[in-house]
Amino acid sequence: MARTDRLMRLMDALRRLPAPVTATRLATETGVSRRQLYRDIATLRAGGALIDGEAGVGYRLTEDPALPPQSFSQLEIEALVLAVSDLSQTGDAALETAGHSALARIIATLADKQSRQAMHTVLRSFRSPPAKVEFTVDMALLRRACWEELALNVRYRDLKDQITEREVWPLGISYSHRTLMVLVWCCLRQDWRIFHASGIESACLSGRSFRPRRVPLLRDYVARL
């Protein structure tokens, strides 16, 4: 693991986990030995991070100088926490983890009063556990293709069990508690298509870019709804 990535994961763990956090727990979270963890703590302190604690006691991040101070109303804090907690309904574990990591960074920059409000929110979302979405396609690849406007070659099995191979331009991903859908521009049909992610048996980059077509295509699609 690159040194910068390792230090970033350590900062995320210090923000996210209840303090004080033991060296053993931090080492497990960051995937390093305890000896390496102690060196990383020293590196962060040398860089200006105020980390209280010591080996055998636990650590607490008291200030993160890398982040600017922020302020939110109590309702805004409630809305952020509620939105992130609802990510569990997407069935996308990586997306849920990213949401909690981002929220921890935000909370770390709040004043003490607002930080306490974030820890004791009153709004909750209780739903039945989402149906497990079975898919083999790499969601990280799908997201990257959408963000960077990269065409994909896909092998797709539709609801009638028919298999086709085609080049598509991925435009967006829709999550629900029952299924996960991908909106694409199909180069074969020259039209929009909505694929079930579970039906995409394989996907790889075609080597072509459809930049800057994504936004105009999305606007046209919404206009036709």
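**Basis.** I note that this is a predicted model, in which local features need pLDDT of at least 70 and side-chain atom pairs count only at pLDDT 80 or more, while totals for chains, interfaces and linings use all residues. Residues are numbered from 1 along each chain as its sequence is written, and side-chain values use heavy atoms, with hydrogens and water left out.

I looked up the largest pocket and found a volume of about 920 Å³. On a 1 Å grid over the protein atoms alone, a pocket is an open set of points where a 1.4 Å probe fits, with protein on both sides within 12 Å along at least five of seven lines; lining residues have an atom within 4 Å of a point. Grid points are joined across faces, edges and corners, and the volume is the space filled by probe spheres set on the points.

I recorded 30 lining residues, with Arg15, Arg16, Ile107, Ser115 and Met119 nearest the centre. By class, the lining has 15 nonpolar, seven polar and eight charged residues. H1, strand S2 (58–63), helix H4 (74–85), helix H5 (93–108) and helix H6 (112–119) each supply at least two of its residues. Helices (H or I, at least four residues) and strands (E, at least two) are DSSP runs, numbered from the N terminus.

**Salt bridges.** I found 14 salt bridges in the structure, each a side-chain nitrogen of Lys or Arg within 4 Å of a carboxyl oxygen of Asp or Glu.

I examined aspartate 40 and arginine 6, which pair at 2.7 Å, N to O. The pair links distant parts of the chain, 34 residues apart: aspartate 40 is in helix H3 (residues 34–46) and arginine 6 in helix H1 (residues 3–16). Both aspartate 40 and arginine 6 are buried (buried is under 20% relative accessible area, exposed over 50%, partly exposed in between, with a 1.4 Å probe and protein chains only).

I then turned to arginine 155 and glutamate 165, whose side chains meet at 3.2 Å, N to O. Arginine 155 is partly exposed at 29%, and glutamate 165 is exposed at 59%.

Salt bridges with shared partners join Arg155, Arg157, Asp161, Glu165 and Glu201 into one network.

Methods:
Nonpolar A, V, L, I, M, F, W, Y, C, P; charged D, E, K, R; others polar.
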